[in-house]
Amino acid sequence: MALSQEDKIFLDRITAYANQAMPDLDPQKTQVSVQLDRMMPIFETIAREQHKPVEDIFIRYMDLANEAFVASNDKLKEALGDDEDGNAAFRFD
């Protein structure tokens, strides 16, 4: 499922903030609580703008980020020609 334009803007805004707020942070090595503390200001700002609870903004972000990751991963698999088991099957057409 492709992201709507509104979803892309929402996700891009949060991603841009994350890149600014955590430029040197490795998400694989940093505790989730630290990441959330640094991201909370953008979640709170968007929540105020949309008159929604912060939790709703966070959940929407997590859903969209996951959806974007899956789509990106699928494109990579397609480009590499992975078979059904996830093994690279390079094509030289």
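Ala-18 touches Pro-23 and Met-39, leaving aside residues up to four places away in sequence; a touch, or contact, means heavy atoms within 4.5 Å. Ala-18 lies in helix H1. Helices here are DSSP runs (H or I, at least four residues), strands are runs of E of at least two, and both are numbered from the N terminus. With a relative accessible area of 14%, Ala-18 is buried. The cut-offs are under 20% relative accessible area for buried, over 50% for exposed and in between for partly exposed, using a 1.4 Å probe and protein chains only. Ala-18 and Arg-38 sit 20 residues apart in sequence, yet their C-alpha atoms are 7.9 Å apart in space.

A quick word on the model: it is predicted, so local features need pLDDT of at least 70 and side-chain atom pairs count only at pLDDT 80 or more, while totals for chains, interfaces and linings use all residues. Residues are numbered from 1 along each chain as its sequence is written, and side-chain values use heavy atoms, with hydrogens and water left out.

**The overall layout**

The chain has three helices and zero strands, which gives the pattern α-α-α when you read along the sequence. Of its 93 residues, 19% count as buried. Take the contacts between residues at least 6 apart in sequence: 46% of them join residues at least 24 apart.

How far apart are the end C-alpha atoms of helix H3? They are 39 Å apart, which agrees with the 39 Å that its 27 residues (54-80) should span at 1.5 Å a residue. The expected span is 1.5 Å times one less than the number of residues. Just after H3 comes Gly-81, with a positive phi of about 75°.

Ile-57, Arg-60, Tyr-61 and Leu-64 are buried in H3. The buried residues of this helix pack against helix H1 (5-21) and helix H2 (32-50). On the H1 side, have a look at Asp-7. Asp-7 counts as buried at 17% relative accessibility, and it touches Arg-60 and Leu-64, again not counting residues up to four places away in sequence. Arg-60 also lies over the face of Phe-10, at 4.0 Å from the ring centre. For a charge to sit over a ring, NZ of Lys or CZ of Arg must be within 6 Å of the ring centre and within 35 degrees of the ring normal.

**Rings that pair up**

A pair of aromatic rings is described by the distance of the centres and the angle of the planes. Rings of Phe, Tyr and Trp (its six-membered ring) pair if their centres lie within 6.5 Å; planes under 30 degrees apart count as stacked, over 60 as edge-to-face and the rest as tilted. A search of the whole structure finds two aromatic pairs, and here they are:

| Pair | Centre to centre | Angle between planes | Type |
|---|---|---|---|
| Phe-43 and Phe-58 | 5.7 Å | 80° | edge-to-face |
| Phe-43 and Tyr-61 | 5.5 Å | 50° | tilted |

Phe-43 in helix H2 and Phe-58 in helix H3 are 15 residues apart, and their pair links distant parts of the chain. Tyr-61 is in helix H3 too, so its pair with Phe-43 ties together parts that are 18 residues apart in sequence. Phe-43, Phe-58 and Tyr-61 form one aromatic cluster.

Phe-58 is partly exposed, with a relative accessible area of 29%.

**The largest pocket**

Tyr-61 turns up again in the largest pocket: 18 residues line this pocket, and Met-22, Pro-27, Gln-35, Tyr-61 and Met-62 lie nearest its centre. H1, H2 and H3 are the elements that give two or more residues to the lining. The largest share, six residues, comes from H3. The volume of the largest pocket is about 460 Å³. A pocket is an open set of points on a 1 Å grid over the protein atoms alone, where a 1.4 Å probe fits, with protein on both sides within 12 Å along at least five of seven lines; lining residues have an atom within 4 Å of a point. Grid points are joined across faces, edges and corners, and the volume is the space filled by probe spheres set on the points.

Most residues other than glycine have a negative phi. His-51 has a positive phi of about 55° although it is not a glycine. You'll find His-51 in the loop between H2 and H3, and at 73% relative accessibility His-51 counts as exposed.
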